[in-house]
Amino acid sequence: MIKSYIASTREIDDAKAAVSEILSQLEPEKNMLKNSLGIISCFSEFEDTGVLKAVCDALPFDCIGATTSLCAAGKEIDQVLFNVTVLTSDDCNFKTAAVPLAEKCEESVKSVLTDVLGKSDEKPALFLSCFPLMSSVSGDMIISAIDKVTGGIPIFGTTAVDHRDDYSTSKTIRNGEAFREAAVLAAIYGDVKFSFDVASLDENKIRSQKAIITASEGNILIGVNGKTVLEYLEEIGLTKSEVAKGLGIIPLVVDNNDGTKPLARSVFALTPEGYAVCGGAMPVGAALSVGSINSDDVIKTTERAFKPFVREDGVSLIYSCVARHLVLGASGTLEAEKIRGMAGDGRYMFAYSGGEICPLADANGKLKNYFHNYTVIFCRLS
């Protein structure tokens, strides 16, 4: 069984005051059980001012986490917010690791995880994860490398973002140290109960006509229905100019034809050859559709998924794509406010993400790990 405690602070300039505020809310000497893990979401400048390290140094357990553009927990919602959600248990155990990814991603994942897993005869029930936002290493690549080592143990988590247009200060976090090019993982062992759900685009906003991906390289979409990407998009009524202007708000929808829910994909850029650089894998043979999203869609899809998911028992970990945040525009707190209102007395933490990591069940009910865009993901732990 896992219990949870949540603390937040807006004190960004005074590390001592921030530590005092966090500790007074958590009361670790009173509330922490045998084993504990902290999950951090914060504004990136909490690292610059020393608050991040000071808080982690003061907590008597490992912490993992990531920077974000906005986070929420309990009654608190803000961009400049430091939140730590603590999982604590007498019969579950937690092990954390940082995995450098700049060179030889697959080898690094294998080396670190083999070391972590080799220290126990028991397999983890679940991994919580925070990935870096890197152009050279995609979320799908990291998931694939982890799956090869673990055999597909469920992975849930986020990709670091920040408040800047280029996400240049986005970092993952482990025990007060922040990384630009490392994934951080927490393995949860023992009798933990967990469930997942996802919500993405409004199904009514996805074009009914489907195409087939005929050429790709990882997350680079090259050909659709035997045509170039631009030829296909122009064929369904989008001009090159419209595509270029709306890259961030034209979701592509990929159906892997394996019984899992279709995956939404962002288009980050067009190459000089006219290929689309996407936010996740674009496998040859998968069905492709084009969707759209607006602020109403963001709120409706979040509400529809979270309403049957929320309970007062356990804790809900929630990450939503930063593209959904951008779609909200000047009303940027609306999704977090909806979550807060629906959570009631239930414990939750919410943060925006550069790519969402959450398993989906296939046609046989088997969980498979996937990397998502334009998606809000939920994990309830108890």
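1. Start with Phe 196. Phe 196 is buried, at a relative accessible area of 18%, because buried means under 20%. This is a predicted model.

2. Phe 194 is the ring partner of Phe 196. Phe 194 is partly exposed, with a relative accessible area of 28%. The two ring centres lie 5.4 Å apart. The planes meet at 45°, so the pair counts as tilted.

3. A wider group takes in both residues. Ring pairs join Phe 156, Phe 194, Phe 196 and Tyr 319 into a cluster. The structure as a whole holds seven aromatic pairs.

4. Another of the pairs is Phe 309 with Phe 378. Their ring centres are 5.5 Å apart, and their planes stand at 40°, so this pair is tilted. Phe 309 belongs to helix α9 (residues 295-309), while Phe 378 belongs to strand β26 (residues 376-381). The pair therefore ties together parts that are 69 residues apart in sequence. Both Phe 309 and Phe 378 are buried.

5. Phe 309 also has a charged neighbour. The charged end of Arg 380 sits over the Phe 309 ring, 4.5 Å from the ring centre.

6. Lys 95 lies over the face of Tyr 189, at 5.0 Å from the centre of the ring.

7. Last, look at helix α4, residues 51-58. Which of its residues are buried? They are Val 51, Leu 52, Val 55 and Cys 56. Viewed down the axis of α4, these buried residues fall within an arc of 125°, so they line one face of the helix.

Note on methods: Residues numbered from 1 in each chain as written. Predicted model: local features only at pLDDT ≥ 70, side-chain atom pairs only at ≥ 80, totals over all residues. Heavy atoms only, no water. Buried < 20%, exposed > 50% of the residue type's maximum accessible area, 1.4 Å probe, protein only. Helix = DSSP H or I, 4+ residues; strand = E, 2+ residues; numbered from the N terminus. Arc of directions from axis to C-beta. Phe/Tyr/Trp six-rings, centres within 6.5 Å; stacked < 30°, edge-to-face > 60°. Lys NZ or Arg CZ within 6 Å of the ring centre and 35° of its normal.
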